[in-house]
Amino acid sequence: MNITRAYKTELDLNDKQTTACKRHAGAARFAYNWGLARKQEAYAATGKSPSAIDLHRELNALKQTDVPWMYEVSKCAPQEALRNLDNAFAHFFRRCTLKRQGKLKGKLGYPQRKTKKQGAGSFRLTGAIVVFPAAIQLPRLGRLRLKERGYLPTTGVKLLSATISEQARHWYVSVQVEQEREVAANTGPVVGVDLGVKTLATCSDGTEFPNPRHLKRRLKKFKRLHKAVTRKQKGSNNRKKAARTLATQYRTIATQRANTLHQVTTQLAKTKSVIVIEDLNVAGMLTNHQLAQAIADVGFAEFRRQLLYKAQWYGSRVILASRWEPSSKTCSRCGWVDEDLTLADRVFHCQNPECLLVLDRDLNAARNLAQLAGSSSDSQNACGAASAGLSRLAQVKLPAVKQEPNTRCASA
Ligand SMILES: [Zn+2]
């Protein structure tokens, strides 16, 4: 199977290289903001918006007069930023359509200006990229050292682009590659997975993955650090310093959270043939202020995203059960439905006199989900009472592997 994926790893930059990267990121940010303003102007005047290609041509002409400093950076940086802007608008219009059809409740996300306050930012380069075991060679930036040796693939892949980004004064490169991957059919068992806040994931075979609650554990500390920032004078060096400390802490959480999710999703995708999860409405759940922080701290949406692409890699199948399935309220042994079950009830008690099952709430839900796998592959009627209430299924459509033509910028 031909897949497109990215490998992201940290760079080990010296001061000169850091400056050059900042300059590139600055050029990308400038091009994005300039393009956004140009698009708005042109739309207000003519009702039509210039494309990324038009804007790039215009920007190139501008280099000679207004922005000569842009000659110092690879032309890819502004060019790709303008492409990003086009994408941002495409997504905005896509959400507008969804909203009109009533399929979207969230915000439309009109493209916003990028500011330095959000960090140095990022930029993407295409063209002559060479990967070595412990370094990467990029147009204009030259050879940059990597912190981890041998992670980036050096052979058997087609390099598409490299994106350099910064987070809390750490610089990363993400290399997008196209590669051939051999996928053997997964022979593992079928499993239902219930996602939760108390336990991150409960599997129908009884395995539990605890929720480390990376943010919750440090809430007090974060409150203190946030206060430390806002108490300092605006524009002062001390405020910058305090903001840096805070950013470092957020980076730690982000990496730890990513690590936890990657470990769980990889283990599931590698060892199970069919994984049934609930198709949770994460964006909707985040509007509930009492749950939002806990849910965002787990990263449900990211969990599902990772599981979906990893299932493709390891030959397993993910089934998304409809979010309206009463998977928590139904007895996994006899099908009796507890209409009065609340979120606070951690144990499921079956009231059917012939069953009287007592089971952990999450495990019960996971078992119900696992049963859905059977009813989706076999005939739905063959499952009997156990899955009577659980027949509507949403078989997930895997996103087609994205293929982007790489003809943007042959030389830089
Ligand atoms: Zn029962």
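## Basis of the description

The model is predicted, so local features are given only at pLDDT of at least 70 and side-chain atom pairs only at pLDDT 80 or more, while totals for chains, interfaces and linings use all residues. Residues are numbered from 1 along each chain as its sequence is written, and side-chain values use heavy atoms, with hydrogens and water left out.

## Overall architecture

The secondary structure of the chain consists of 9 helices and 15 strands; helices (H or I, at least four residues) and strands (E, at least two) are DSSP runs, numbered from the N terminus. The C-alpha trace spans about 85 × 55 × 50 Å along its principal axes. Of the 412 residues, 42% are buried, where buried means under 20% relative accessible area, exposed means over 50%, and partly exposed lies in between (1.4 Å probe, protein chains only). Among contacts between residues at least 6 apart in sequence, 66% join residues at least 24 apart; contact means heavy atoms within 4.5 Å.

## The seven-stranded sheet

An open sheet of 7 strands runs in the order S2-S6-S7-S1-S5-S4-S3, with antiparallel pairing. Two strands count as paired if DSSP finds at least two bridges between them. At the edges are strand S2 (122-125) and strand S3 (130-132), each of which pairs on one side only. From one strand to the next, the twist averages 30°. Helix H1 (residues 15-46) packs on this sheet and touches S1, S2, S5, S6 and S7; the direction of H1 makes about 90° with that of S2. Such axes are lines fitted to C-alpha atoms, for helices over the stretch in contact, and angles run from 0 to 180 degrees between N-to-C directions.

| Strand pair | Bridges | Residues standing opposite |
|---|---|---|
| S1 and S7 | 9 bridges | Isoleucine 3 and glutamine 179 |
| S4 and S5 | 4 bridges | Isoleucine 136 and leucine 144 |
| S1 and S5 | 2 bridges | Aspartate 12 and arginine 145 |

## Nonpolar cores

A nonpolar core is a set of buried Ala, Val, Leu, Ile, Met, Phe, Trp, Tyr and Cys residues joined through side-chain atoms within 4.5 Å. The largest core has 42 residues, of which Leu11, Phe123, Ile136, Leu138 and Ile164 touch the most other members. Helix H3 (residues 76-100) supplies the largest share of this core, 9 residues. Apart from it lies another core of 23 residues, including Leu200, Leu268, Ile295 and Leu307.

Leucine 138 is in contact with Leu125, Ala128, Ile129, Leu144, Ala162 and Ile164, leaving aside neighbours within four places in sequence. Alanine 128 counts as exposed because its relative accessible area is 54%.

## The zinc site

The zinc ion is coordinated by the SG atoms of Cys331, Cys334, Cys350 and Cys355, at 2.2 to 2.3 Å. Donors are N, O and S atoms within 2.8 Å of the metal (3.2 Å for Na, K and Ca); water is not among the atoms, so sites may look incomplete. The arrangement is tetrahedral because the 4 donor atoms subtend angles of 101 to 113°, the criterion for four donors being that all angles lie between 85 and 135 degrees. The spacing of the donor residues in sequence is C-x2-C-x15-C-x4-C. Cysteine 331 lies in the loop between strand S12 (317-321) and strand S13 (347-349), and cysteine 355, 24 residues apart from it, lies in the loop between S13 and strand S14 (358-360). Both cysteine 331 and cysteine 355 are buried.

## Two further buried residues

Threonine 202 belongs to strand S9 (residues 199-203). Its relative accessibility is 1%, and threonine 202 therefore counts as buried. Beyond four places in sequence, the contacts of threonine 202 include Gly192, Asp194, Glu208 and Asp362.

Aspartate 279 is found in the loop between strand S11 (274-278) and helix H6 (282-285). Aspartate 279 is buried, with a relative accessible area of 18%. Not counting residues up to four places away in sequence, aspartate 279 touches Arg304, Leu320, Ala321 and Arg323. Aspartate 279 and alanine 321 are 42 residues apart in sequence, yet 5.6 Å apart in space, C-alpha to C-alpha.

Notes
Tetrahedral: all angles 85-135°; square planar, octahedral: opposite > 155°, others 65-115°.
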